[in-house]
Amino acid sequence: MALDQIQEEEEGMSFLDHLEALRFHLLRSIAAILILTIIAFLAKDIVFGVIILGPSKVDFITYRVLCDLGNYLGISALCIDELPFTIQSRQMTGQFSMHMTSSIVVGFVVAFPYVFWEIWRFISPGLYIKEKNAARGAVFFVSFLFLSGAAFGYYVLSPLSINFLANYQLDPTILNEFDITSYVTTLTMLVLASAIMFQLPVVVYFLAMSGLVTSKMLKSYRRHSIVVILIVSAIITPPDVVSQLLIAMPILVLYEVGIIIAKQLEKKRALAEAEYKKNHPEED
């Protein structure tokens with residue numbers, strides 16, 4: 001469809017028409033999350049017994065991989081064979097509310113690619129052809145980074161944080177008996193925070209596309225960004241250095257990736273401007 005046709009259709013839609021279109025996209029997104037939440041709620045043994053409580057068990061895949069690595073390197077400290085804590089429910093509605101919460105989180109994470117696709121379907125008609133071409137593959141990359149961040153939070157950050165907190169003691173007489181609400185909240189926070197933080201390259205890409213940031217600017221603020229990333233990592237992770245560094249390191253890598261992305265966009269923009277000037281010398 002030609003650009004002028006798209007613009008005519010957009011101009012022909014009133015504000016209420018846009019709201020109506022947005023409403024249907026949101027309803028479909030909510031319906032997808034709701035359906036997957038119900039499925040997760042019914043699959044309690046898998047979702048809660050295997051997924052949610054997985055990092056609390058010594059046979060979790062991360063602990064087994066670390067143990068195999070420890071045996072290979074001859075470092076016995078990497079082998080985690082005990083998690084000295086118990087999970088309790090101290091509130092009457094504790095188990096049910098956490099069952100609901102975990103089901104909603106699982107439903108949202110699984111449905112995220114579809115939800116973002118629905119949002120993109122609402123946004124994309126208002127973009128120019130050039131903007132659409134620049135944002136091609138946005139649904140795939142945003143979904144990929146979100147799910148990669150969630151996987152990192154679940155398989156790396158969460159088990160190591162749980163292991164640290166489970167073995168941290170002020171005194172041997174103090175037992176670690178975690179409430180189910182605290183456990184699920186911590187796990188959810190780590191997974192979702194990692195998923196959101198992994199969107200950094202996408203944010204940098206669109207900011208660089210709009211000219212709000214440049215590779216030179218990102219490089220000049222590298223030291224400041226390191227401090228900010230460490231502070232944010234300290235806020236969203238348990239109070240231990242290992243967890244903070246675990247989430248800060250990949251974010252720093254993604255920041256460097258953002259610099260590379262901004263630099264590539266600047267090169268493409270410079271080539272496009274040079275080509276334009278070559279074809280329109282009379283405008284110089």
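Predicted model: local features only at pLDDT ≥ 70, side-chain atom pairs only at ≥ 80, totals over all residues.
1. Glu-118 is buried, with a relative accessible area of 0%.

2. Which residues does Glu-118 join in a network of salt bridges? Arg-28 and Arg-121 are the residues linked with Glu-118 in that network. In the contact with Arg-28, the closest N and O atoms are 3.2 Å apart. In the contact with Arg-121, the closest N and O atoms are 3.5 Å apart.

3. The Arg-28 to Glu-118 pair connects distant parts of the chain. The Glu-118 to Arg-121 pair, by contrast, stays within helix α5. Its two members are 3 residues apart, about one turn of the helix.

4. Arg-28 is partly exposed, at a relative accessible area of 34%. Arg-121 is also partly exposed, with a relative accessibility of 35%. Glu-118, at 0%, counts as buried, because the cut-off for that class is under 20% relative accessible area.

5. Another salt bridge joins the side chains of Glu-256 and Arg-222, with an N to O distance of 2.8 Å. Glu-256 belongs to helix α12 (residues 241-279) and Arg-222 to helix α11 (residues 222-236), so this contact ties together parts that are 34 residues apart in sequence. Glu-256 is partly exposed, with a relative accessible area of 31%. Arg-222 falls in the partly exposed class at 29% relative accessibility.

6. How many salt bridges does a search of the whole structure find? The search finds 4. Among them are Arg-28 with Glu-118, Glu-118 with Arg-121, and Glu-256 with Arg-222.

7. Helix α8 covers residues 180-197, which is 18 residues. From its first C-alpha to its last, α8 reaches 26 Å, close to the 26 Å expected at 1.5 Å a residue.

8. What caps the N-terminal end of α8? Asp-179 does, with a side-chain oxygen placed 2.9 Å from the backbone nitrogen of Thr-181.

9. The buried residues of α8 include Ile-180, Tyr-183, Val-184, Leu-187, Leu-190, Val-191 and Met-197. Thr-188, Ala-193, Ser-194 and Ala-195 are also on the list of buried residues in this helix.

Methods: Residues numbered from 1 in each chain as written. Heavy atoms only, no water. Helix = DSSP H or I, 4+ residues; strand = E, 2+ residues; numbered from the N terminus. Expected span 1.5 Å × (residues − 1). Buried < 20%, exposed > 50% of the residue type's maximum accessible area, 1.4 Å probe, protein only. Polar contact = N/O pair within 3.5 Å; in protein donor to acceptor, adjacent residues only side chain to side chain.
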